[in-house]
Each structure stands twice: as C-alpha cells, then as structure tokens.
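Open your viewer and get ready to select residues by number. Each stop on this tour names something to pick and tells you what is there.

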Amino acid sequence: MIASEPQASEPQASIDQVQKRYISMALVAALICGGGLVAMGFAPLGKGLVAGALFSVLNFWLMAKALHSRLGHGRAKTVILSIASIYGRLAVMALPLILAAKLPQLAVSTVAIGLFAVPLIIFGEHIWQQWRRSQEAGF
C-alpha cells in the first residue's frame, strides 16, 4: 500500500485480495481436476467441471460487484437491486446446466459440482484455518 492513499481504500483492497485469492484457487483447482479427468479419458466430465467452475467464478464476481452497487441507496431501491441481482446470478448459474443438458461434450453432474467451486474453496479454507488454530493451541 502506498502511504499517501486514503485509509478508506485499505479495507476494499483487502476484500479485493481475498476475492482474487478465492477466484484463483477455484480456477486452479478446476483446471487441475478437469485436466486430470480429460487426461484419463473422461473429457465430458473434465470439461463440465471447468465450465461449472468458470460460471461459479463469474457468479462470485457478479455478487461482489452487485454488493457495491446496493450500498448507499434507500430501502426500496436496495430491495429491488438485491432481487434483480439474485435472479440475474441464478440465470448465470442456470446457463451452464442448460448447455450441459443439450451438449454431449459437457456432463451435467460435473457442471453442477463445478458451480460450487468457489463456495467449496471458501469452506475448505475455513476448515483448514480452524484445523491450524487447533494444532497451534495444542489440541
């Protein structure tokens, strides 16, 4: 951080770093697992996993951007923006499932798993942090 930057941007910079870390981890995990599936001859499974993870990342990014747009408005406008955001993100998440149902190159099951890539990474990191804290405490 540059010392001349205002203090208010530091929390946002920290949030952006966390978002980038989760996105990077989800994409790397999906590419490794999906690539492994393709290398083992399960191309539709691997492609489905990667496609689902890409849309999971897109959903996470849209959620983060929508959160900023809802701040600073009145209650009615915030409710409308929130509902629009939810339905828009659900439509984004439905798109790869619809494509997988229509295209034999994608497996619906792994697309569905891939859609949970970012939440699984967040949950996994939380479990990892809890385990590390318990190890440091001597339990």
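**Stop one: Leu 62**

Select Leu 62. Its relative accessible area is 28%, so Leu 62 is partly exposed. You will find Leu 62 in helix H2. Now show what is around it. Setting aside neighbours within four places in sequence, Leu 62 is in contact with Arg 89 and Val 92. Next, draw a distance from Leu 62 to Ala 51. They are 11 residues apart in sequence, and their C-alpha atoms are 17 Å apart in space.

**Stop two: colour by confidence**

Before going further, remember that this is a predicted model. Colour the chain by pLDDT. The mean pLDDT is 88, and 92% of the residues reach 70 or more. Now select residues 1-8. Here the pLDDT is below 50. Beyond near neighbours in sequence, this stretch has 2 contacts in the model.

Is Asn 59 buried or exposed? Its relative accessibility is 12%, so Asn 59 counts as buried. Leave out residues up to four places away in sequence, and Asn 59 touches Arg 89 and Met 93.

Ser 56 counts as buried because its relative accessibility is 3%. Which residues is Ser 56 in contact with, leaving aside its neighbours within four places in sequence? They are Gly 114, Leu 115, Phe 116, Ala 117, Val 118 and Pro 119. Then draw a distance from Ser 56 to Gly 35. These two are 21 residues apart along the chain, with 18 Å between their C-alpha atoms.

**Stop four: the largest nonpolar core**

Select Tyr 22, Ile 23, Ala 26, Ala 30, Ala 53, Val 57, Phe 60, Ala 117, Val 118 and Ile 121. Together these 10 residues make up the largest nonpolar core. Which helix gives the most? H1 does, with 4 residues.

Zoom in on Val 57. Not counting residues up to four places away in sequence, Val 57 touches Ile 23, Ala 26, Leu 27 and Val 118.

**Stop five: two rings**

How many aromatic pairs does the structure hold? There are 2. Show the side chains of Tyr 22 and Phe 60 for one of these pairs. Their rings are edge-to-face, with 6.3 Å from centre to centre and 70° between the planes. Tyr 22 lies in helix H1 and Phe 60 in helix H2, 38 residues apart, so the pair links distant parts of the chain. Tyr 22 has 13% relative accessibility, so it counts as buried. Phe 60 is at 12%, so it counts as buried as well.

**Stop six: Arg 21 and its partners**

The charged end of Arg 21 sits over the ring of Tyr 22, 5.3 Å from its centre. The side chains of Glu 125 and Arg 21 meet in a salt bridge, at 2.9 Å from N to O. A search of the whole structure finds 1 salt bridge. Side chains of opposite charge can pair when their charged atoms come close. Glu 125 is in helix H5 and Arg 21 in helix H1; the two are 104 residues apart, and their pair links distant parts of the chain.

Compare the two partners. Glu 125 counts as buried, because its relative accessibility is 16%. Arg 21 has a relative accessible area of 35%, so Arg 21 is partly exposed.

**Last stop: Val 79**

Select Val 79, found in helix H3 (residues 75-102). Val 79 is partly exposed, with a relative accessible area of 40%. Finish by drawing a distance from Val 79 to Lys 102. They are 23 residues apart in sequence and 35 Å apart in space, C-alpha to C-alpha.

How values were computed:
Residues are numbered from 1 along each chain as its sequence is written. This is a predicted model: local features need pLDDT of at least 70, side-chain atom pairs count only at pLDDT 80 or more; totals for chains, interfaces and linings use all residues. Side-chain values use heavy atoms; hydrogens and water are left out. pLDDT is the predictor's confidence in each residue, from 0 to 100. Contact means heavy atoms within 4.5 Å. A nonpolar core is a set of buried Ala, Val, Leu, Ile, Met, Phe, Trp, Tyr and Cys residues joined through side-chain atoms within 4.5 Å. Buried means under 20% relative accessible area, exposed over 50%, partly exposed in between (1.4 Å probe, protein chains only). Rings of Phe, Tyr and Trp (its six-membered ring) pair if their centres lie within 6.5 Å; planes under 30 degrees apart count as stacked, over 60 as edge-to-face and the rest as tilted. A charge sits over a ring if NZ of Lys or CZ of Arg is within 6 Å of the ring centre and within 35 degrees of the ring normal. A salt bridge is a side-chain nitrogen of Lys or Arg within 4 Å of a carboxyl oxygen of Asp or Glu.
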